[in-house]
Amino acid sequence: MLKGVVLSGDSLLDRALVRLEEAAGHLQIDQDVIEKLKYPRETTKTRLLIRMDDGSRKSFQAWRCRYDDTRGPTKGGIRFHPHSTMEEVETLAFWMTFKCAVMNLPYGGGKGAVQVDPHSLSKSELERLSRAYVQAFASTIGPDRDIPAPDVYTNAMIMGWMADEYSQITGQVSPAVITGKPISLGGSLGRNDATARGGFYLVRNLASELGLDRDHTVAIQGFGNAGQYYARLAASDRNTVIAVSDSAGAIYRPGGLDVEALIAGKSSGRRLIDMAADQGAHAIDAEELLSVEADLLVPAALEDMITADNAARIKAKVILELANGPVTPGADKILNDHGVVVLPDILANAGGVTVSYFEWVQNRQGFYWDLEEIHSRLLKIVEREGRAVWSIAKERGVSVRSAAYIHALDRLATAIEAHGTQSFFAG
């Protein structure tokens with residue numbers, strides 16, 4: 001174990017720090033770097049108290065973490081989820097720190113959450129909660145300090161409410177404080193499918209090295225925003241989507257599914273398993289999706305979906321992590337032993353934060369790009385950094401995940417060491 005990285009248990013953050021330890025073992029970096037990155041810089045916890053529609057008042061736990069800001073203001077989404085915890089928020093902020101570094105964005109990592117089931121709130125209650133979050137964290141966030149964005153169960157409208165609340169508090173219109181806003185409120189074209197598009201560009205660029213044919217088969221775990229957009233992009237590029245899942249179950253059809261019909265059905269409130277007969281597909285357990293005969297498996301749901309208990313059952317050649325942290329370290333080892341290539345989250349789903357960066361830049365300069373330019377700029381960054389990570393993996397004989405962390409840590413270390421290290425101050 002690397003000196004200075006203390007792993008006290010098997011928490012989500014402990015497992016994330018394993019990646020830091022592994023990457024540091026491949027680089028000659030100063031101990032100051034590890035000391036700075038093994039803990040978050042700042043985590044704030046509060047309770048949001050709002051008036052409910054029935055006249056009662058109710059409070060909700062909320063957090064905002066700024067993990068590291070060495071390379072720039074912190075950046076990261078806000079999720080509304082009933083099972084969110086401070087540990088989860090800090091881990092997601094850690095991942096964001098490395099995600100921004102691997103894409104060479106001038107950001108550090110941040111994250112936020114409210115412990116709430118947003119489906120239990122009316123639209124008016126949801127707006128009050130969103131505005132209450134900004135009221136509580138107005139001194140934490142800011143266009144040059146910490147820039148939130150949407151995440152699980154938050155969307156463009158919620159970001160619009162939050163940006164508006166911040167502008168009211170500060171007394172000036174500040175669209176650059178939050179990304180993922182509606183287009184009419186300063187949002188960027190291309191943000192809605194950016195996470196999926198970045199992953200799609202990565203797979204397409206590395207397809208030959210990954211052993212994937214142009215018409216490869218795809219299984220997608222999680223059919224929310226990222227999963228739906230990836231299915232649409234894959235199908236439009238002659239790939240065959242053979243299995244998809246949501247929280248109610250999964251459907252599987254070896255000959256391929258009608259992606260547009262599935263998206264339309266989900267938009268109307270239907271579950272995937274309710275559309276199985278329409279698709280001529282089999283309804284299967286959500287866990288079974290992981291082991292279908294597909295060339296590419298795309299986990300696009302939540303963290304810790306692929307573990308040491310189910311990794312050996314996976315038959316895919318390649319896993320594209322559109323979700324954050326869907327593969328545990330224990331599963332990574334099994335997958336590596338079985339020859340499965342994992343394209344890690346900090347590279348695979350970084351299209352979202354990259355286009356968020358574009359939105360922030362456009363907000364600050366007051367000049368907006370067309371969709372073609374957004375896609376062109378995203379493609380250039382994904383291909384450049386994807387190739388760099390792949391080259392590190394081949395040159396050093398490590399997994400693509402380790403290569404991505406090495407690539408990011410090298411940039412972080414360079415920035416941290418530029419402030420001076422022990423050897424500098426000790427003469």
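Gln221 touches Ser245, Leu289, Leu290, Val298, Pro299, Ala300, Ala301 and Met305, leaving out residues up to four places away in sequence; touching, or contact, means heavy atoms within 4.5 Å. This is a predicted model, in which local features need pLDDT of at least 70 and side-chain atom pairs count only at pLDDT 80 or more, while totals for chains, interfaces and linings use all residues. Residues are numbered from 1 along each chain as its sequence is written, and side-chain values use heavy atoms, with hydrogens and water left out. Here is a walk through some places to look at.

**Gln221 and its strand**

- Gln221 belongs to strand β6, residues 217–221; helices (H or I, at least four residues) and strands (E, at least two) are DSSP runs, numbered from the N terminus.
- With a relative accessible area of 8%, Gln221 is buried; buried means under 20% relative accessible area, exposed over 50%, and partly exposed in between, using a 1.4 Å probe and protein chains only.
- From C-alpha to C-alpha, Gln221 and Ala404 are 23 Å apart in space, and they are 183 residues apart in sequence.

**Nonpolar cores**

- The largest nonpolar core has 95 residues, of which Phe94, Phe98, Tyr230, Leu320 and Leu343 touch the most other members.
- Apart from that core lies another one of 25 residues, including Ala62, Phe80, Val116 and Leu126.
- A nonpolar core here is a set of buried Ala, Val, Leu, Ile, Met, Phe, Trp, Tyr and Cys residues joined through side-chain atoms within 4.5 Å.
- In soluble globular proteins, nonpolar side chains tend to be buried together.
- Leu343 is in contact with Leu202, Val203, Leu206, Leu210, Val318, Ile319, Leu320, Glu321, Ala348 and Val400, once its neighbours within four places in sequence are set aside.

**Cysteines**

- The disulfide count is zero, where a disulfide is a pair of cysteine sulfur atoms within 2.5 Å.
- Cys65 is buried, at 0% relative accessibility.
- Cys100 also has a relative accessible area of 0% and is buried.

**The second largest pocket**

- The second largest pocket has a volume of about 390 Å³.
- Its lining has 21 residues, and Asn336, Val398, Ser399, Val400 and Arg401 lie nearest the centre of the pocket.
- Elements giving two or more residues to this lining are α1 (12–24), α10 (329–337), β12 (341–343), α13 (371–396) and α14 (400–417).
- Helix α10 provides the largest share of that lining, five residues.
- By residue type, the lining of the second largest pocket divides into nine nonpolar, six polar and six charged; Ala, Val, Leu, Ile, Met, Phe, Trp, Tyr, Cys and Pro count as nonpolar, Asp, Glu, Lys and Arg as charged, and the others, Gly among them, as polar.
- On a 1 Å grid over the protein atoms alone, a pocket is an open set of points with protein on both sides within 12 Å along at least five of seven lines, a cavity is a set of points where a 1.4 Å probe fits but cannot get out, and lining residues have an atom within 4 Å of a point.
- Grid points are joined across faces, edges and corners, and a volume is the space filled by probe spheres set on the points.

**The cavity**

- How many cavities of 30 Å³ or more does the structure hold? There is one.
- The largest cavity holds about 100 Å³ of space.
- It is lined by 13 residues, of which Arg19, Trp95, Gly325, Val327 and Pro329 lie nearest its centre.
- Helix α1 gives the most to the lining of the largest cavity, with four residues.
- That lining divides into six nonpolar, two polar and five charged residues.

**Loops with positive phi**

- Tyr153 has a phi near 60 degrees, a positive value in a residue other than glycine, and sits in the loop between β5 (146–150) and α5 (156–170).
- Tyr153 counts as partly exposed, at 42% relative accessibility.
- Arg238 has a phi near 70 degrees, again positive in a residue other than glycine, and its place is the loop between α7 (225–236) and β7 (240–246).
- With a relative accessible area of 55%, Arg238 is exposed.

- His407 lies in helix α14 and counts as buried, at 12% relative accessibility.
- Ser236 is in helix α7 and is exposed, with a relative accessible area of 59%.
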